[in-house]
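Hi everyone, thanks for coming along. Let me put the structure up on the screen, and then we can walk through it together.

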Amino acid sequence: MSGPGYIKFDTLSLHAGQKPDPATGARATPIYQTTSYVFRDSDHAAALFNAERPGHVYSRITNPTTAVLEERVAALEGGVGAIATASGQAAMHLAIATIVGAGEHIVASSALYGGSHNLLSYTLPRFGIETTFVDPRDPAAFRAAIRPETRLVFSETLGNPGLDVLDVPAVAEVAHAAGLPLLVDSTFTTPYLMRPFDHGADLVFHSATKFLGGHGVAIGGVLVDGGTFDWDASGRFPTLSAPYAGFHDLVFTEEYGPAAFIMRARKEGARDFGACMSPTTAFHILQGVETLSLRMERHVANTRKVVEFLDGHDAVASVVYPELPDHPDHELAKKLLPRGCGAVFSFELEGGRDAGRTFIESLRVFSHLANVGDAKSLVIHPASTTHHRMDAEALARAGISEGTVRLSIGLEDIDDLLGDLGRALHLSQRAVKRRADTARHTGAKRDAGVAQKEAGPRRAAS
Amino acid sequence: MKFEVDGLAAYAYTGSRPFAPGQPAAVFVHGGGLDHSVWIHQSRYFAHHGFNVAALDLPGHGRSAGAPPDTITGMAHWVMRAADALGIGRLSVAGHSMGSLVALEVAGLYPDRIEAAALVGCAVPMAVTSALLDAAKAGSHAAFDMITLWGHRMDAQLGGNPAPGMWMTGGAVRLLERSGPGVLHNDLNACNEYRHGLDTAAKVACPAHLVLGREDVMAPPRAARDLVTALRVVRVIELADCGHMLMAEQPDAVRDALAAAFPRPG
């Protein structure tokens, strides 16, 4: 769907899902801030409720503004349809709840966003869903962890925060060989940098809060169905291939073919869990999507310069970015992410936690907060924030140390970003040196004091 | 509903409902390389409005086994054997694209059993370009792309799908990708080789309803003019803002046209 003749990415970013408003001619997507929609007559109402005709009933299920965003992201990803949700977490939950139930199992990457890890590790077990975490760089580990009751394989396209590049084709092959779909969190890459369906993934979700929205003004998520997975052939997904009593024995795979998953997610998940996106939020995120290409180009361009700057700086012990030759996924990144490896990465500061604190507190252009993918540059210390619930072992598995600092590079002038970073790095090292000097001085005084005390009695004795 | 035709597995979507005695029957026939799900915005409605619905998967398509018949006439006979297997006597038939030729043939060959025929996206003859035939014969994805791009008008590709949150282009490509090896070429070739459509039209006794997309480039309305002349009782409905994938592009208008075409229950 991206070959000759198809409408191109940048055009879809601006137009997909929307026609000039039929009621007013408005060119911009109107915000249909309404909970519900007047039925023409009783038959019209009944037909809408019974999925006999397409249309809107209640904005928890569908909304004209939100539908534009859903269709646009589905088009950009090359999927069959999408559902916008209250957050990225809600999108992830919706994906899982649609096809995984109590007594079933997920195989997931160990290098996940902390919120995703929390859901899988702590919350879903209360509902009878277990997860085995594996090294995202090892497709064989995914294969080895699959059990008869496994229903889903899950990873991020770029691991958080170690930027492990998921070998999507290899892991998809492992999943498909076991009759399982591959779900990926593509928040860091966006469809501009990677279209996971083109590489074998079956389901994609985004925290639209991040790069899709791009301006830090709205929380949202989007779940996209690639329409590629054969749920019937797998035989493991009765929520899609068996009659659903909650909808007059509707069988989603028979009714909707390639769109079975996303239709079940809407007709059950949106209806029953209700984590919908507000139309105003959809409007905000649409404004971001319209400039996705332009922003991602600039995000990546700035990131490359910052990575180069940090990589050559004496105060930096290491930089983790797949475009660097020493990154373990360097070659894979060249293949799967030719347009760039995103704008979020981490580095290790010389001086550990103390240096990190000074560095973060000294930044003036970068904002210290818990988000990524904003037009503005951001910084955070993962071990004490986004990943604070992980123990040391889990942190190590996720590639995080006490001194890891995560940056999300924005769209500011690169000179100002490098200047801000350079100043903060200098101050962090000066602070470390001062503390070392102070410690040395204090230690010398203490040593001298001890010597005096030790000498005193001796002198007194003498 | 799973059943058997000629000893082979066959499938008909019934709106997840059993047939009710005494209700009229509506049979839906899909186009080349597709399956019953193309009728989802229409078939479910009729199943819940007093019709016994059978949206068929032709042999070798969707959930029906066997090799696809290599002629339109062969498909038409299979449709009626399927109706027999389902216990359907008289019926209204709707067909889209290749399925519209099958519906025409059914109406001409079995005039005593057909209440009404709705020919959606129909052209007689239905010539297929060599570029598309060659791509389909080679098993190239380009054939799916051509049908998707020519089948939907530009606005539909840009979006505004009447089904909220769904991307029409993606749905069309994925459905075509599910067709078995050689099936699309078989179907396109059957359309291309169907030469006696106007003779058949003269034998049709039931009312015929042509539902055409005004911007259809695969079966443009002008390509149905001779058919209109040949049919005895005919009503033509041209849908504005509509290409060849009428059921997806204008689902309500197509459903309304079918509702007007099919004799109402009771």
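A word on the ground rules first. This is a predicted model, where local features need pLDDT of at least 70, side-chain atom pairs count only at pLDDT 80 or more, and totals for chains, interfaces and linings use all residues. Residues are numbered from 1 along each chain as its sequence is written, chains are lettered from A and ligands numbered from 1 in the order in which they are written, and side-chain values use heavy atoms, with hydrogens and water left out.

So, chain A. There are 462 residues in chain A, and 57% of them are buried, meaning under 20% relative accessible area with a 1.4 Å probe, protein chains only. Its C-alpha atoms fill a box of roughly 110 × 50 × 40 Å along the principal axes. In secondary structure we have 18 helices and 12 strands; these are DSSP runs, numbered from the N terminus, with helices being H or I of at least four residues and strands being E of at least two.

Now the domains. Chain A splits into domain 1, residues 9-289, and domain 2, residues 293-432, with bounds from an automatic or database domain assignment. Their C-alpha centres are 29 Å apart. Where they meet, 39 residues of domain 1 of chain A are in contact with 38 of domain 2 of chain A, contact being heavy atoms within 4.5 Å. Together they bury about 3,200 Å², with carbon and sulfur atoms giving 62%; that is the accessible area (1.4 Å probe) that two parts lose on being put together, summed over both.

How many salt bridges are there between domain 1 and domain 2 of chain A? The count is 1, where a salt bridge is a side-chain nitrogen of Lys or Arg within 4 Å of a carboxyl oxygen of Asp or Glu. You can find one between Asp329(A) and Arg137(A), at 2.7 Å from N to O.

Let's move to the other chain. Here 55 residues of chain A are in contact with 40 residues of chain B, and the two chains bury about 3,600 Å² between them, 54% of it on carbon and sulfur atoms. On the chain A side, Tyr6(A), Glu52(A) and Glu254(A) lose the most area to chain B, together 18% of what that side buries.

The rule finds 4 salt bridges across this interface. Glu254(A) comes up again here, in a salt bridge with Arg63(B) at 4.0 Å, N to O. Several elements of chain A give two or more residues to the side that touches chain B, including helix 1, helix 2 (42-49) and helix 3 (64-77). Helix 3 of chain A gives the most, with 5 residues.

One last stop: Pro59(B). You'll see it in the loop between strand 4 (52-57) and helix 2 (72-85) of chain B. Is Pro59(B) buried or exposed? Pro59(B) counts as buried because its relative accessibility is 5%. Leaving out residues up to four places away in sequence, Pro59(B) touches several residues, among them Pro68(B), Pro69(B) and Trp78(B).

How values were computed. Buried < 20%, exposed > 50% of the residue type's maximum accessible area, 1.4 Å probe, protein only.
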